[in-house]
Amino acid sequence: MLLIQHADPHRPELTALLKQSNKMMKSLYEAHEIHSLSIKDLCQENVRFLGAQTKETYIGCAALALREGYGEIKSMFVDPSNRGKGVGKALLGALEDEAIKHKLAYLKLETGALLKEAVGLYALFGFQVCGPFGEYNDDGVSLFMSKTLI
């Protein structure tokens, strides 16, 4: 059984997932091309951090940063040995529910264009490619996506 709930990114299993995600991103992108949040940033009041947990341990995580008029999906990661089991779909659904709970009109995200599985999941959930938003610039390696909720 998979449980998605608010979690503390300081928990060792979640910190390990975040480090694994960061290591993967560093293998694909230059440091200035990576836009993930630090553990400290994931604990800010405007961020909702979620963990995907089985009976044994956490196997995935994701965050929703509450912005002015929209929610930004951040730090979404599923342990590679648990991919293809619906964990990413469950996390993304929970983030969308969280955004609706906060009456946000849009969900937006920045992801790496090389992350084909992630891009496919976002498209499956109705996200469409858009231009840069917030403080992002078009760096040639990022893909920006948006979904209308309301």
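Start by selecting helix H3, residues 87–101. This helix lies across S1, S2, S3, S4, strand S5 (106–112) and strand S7 (142–148). Against S4, H3 runs at about 160 degrees. Keep in mind that you are looking at a predicted model.

**The whole chain**

Zoom out and show the cartoon. The protein chain holds four helices and seven strands. Read from the N terminus, the elements go β-α-α-β-β-β-α-β-α-β-β. The C-alpha atoms fill a box of roughly 40 × 35 × 30 Å along the principal axes. Take the contacts between residues at least 6 apart in sequence: 63% of them join residues at least 24 apart.

**The sheet**

Now select the strands. In what order do the seven strands of the open sheet lie? The order is S1-S2-S3-S4-S5-S7-S6, and the pairing is mixed. Strand S1 (3–6) and strand S6 (128–130) form the edges, each pairing on one side only. Turn the view along the sheet: neighbouring strands are turned by 30 degrees against each other on average, direction ignored.

Pick out strand S2 (residues 47–53) and strand S3 (residues 58–66) next. They pair in the antiparallel sense, over seven bridges. Find Gly51, which stands opposite Cys61 in S3.

**The cores**

Show side chains. Which residues touch the most other members of the largest nonpolar core? Select Ile73, Met76, Leu91 and Phe127. This core has 25 residues. The elements giving two or more residues to it are S2, S3, S4, H3, S5, helix H4 (116–124) and S7. H3, where the tour began, gives the largest share, with six residues.

Centre on Phe127. Beyond its neighbours within four places in sequence, Phe127 is in contact with Ile73, Leu92, Leu107, Leu109, Tyr122, Met145, Ser146 and Lys147. Then move to a second, separate core of 13 residues. Among its members are Leu17, Tyr58, Cys61 and Ala65.

**Glu72 in strand S4**

Select strand S4, residues 70–78, and find Glu72 there. Is Glu72 buried or exposed? Glu72 counts as buried because its relative accessibility is 3%, under the 20% cut-off. Display the side chain of Arg67 too: a polar contact of 3.1 Å joins it to the side chain of Glu72. Leaving out neighbours within four places in sequence, Glu72 is in contact with Ala63, Leu64, Ala65, Arg67, Lys108, Phe133 and Tyr136.

**Two backbone stops**

Most residues other than glycine have a negative phi. Two residues here go the other way.

- Ser75, also in strand S4, has a positive phi, near 55 degrees. Its relative accessibility is 15%, so Ser75 counts as buried.
- Lys103 sits in the loop between H3 and S5. Phi of Lys103 is positive as well, near 60 degrees. At 69% relative accessibility, Lys103 counts as exposed.

Note on methods
Residues numbered from 1 in each chain as written. Predicted model: local features only at pLDDT ≥ 70, side-chain atom pairs only at ≥ 80, totals over all residues. Heavy atoms only, no water. Buried < 20%, exposed > 50% of the residue type's maximum accessible area, 1.4 Å probe, protein only. Polar contact = N/O pair within 3.5 Å; in protein donor to acceptor, adjacent residues only side chain to side chain. Contact = heavy atoms within 4.5 Å. Pairing = 2+ DSSP bridges. Axes fitted to C-alpha atoms, helices over the stretch in contact; angles between N-to-C directions. Core = buried A, V, L, I, M, F, W, Y, C linked by side-chain atoms within 4.5 Å.
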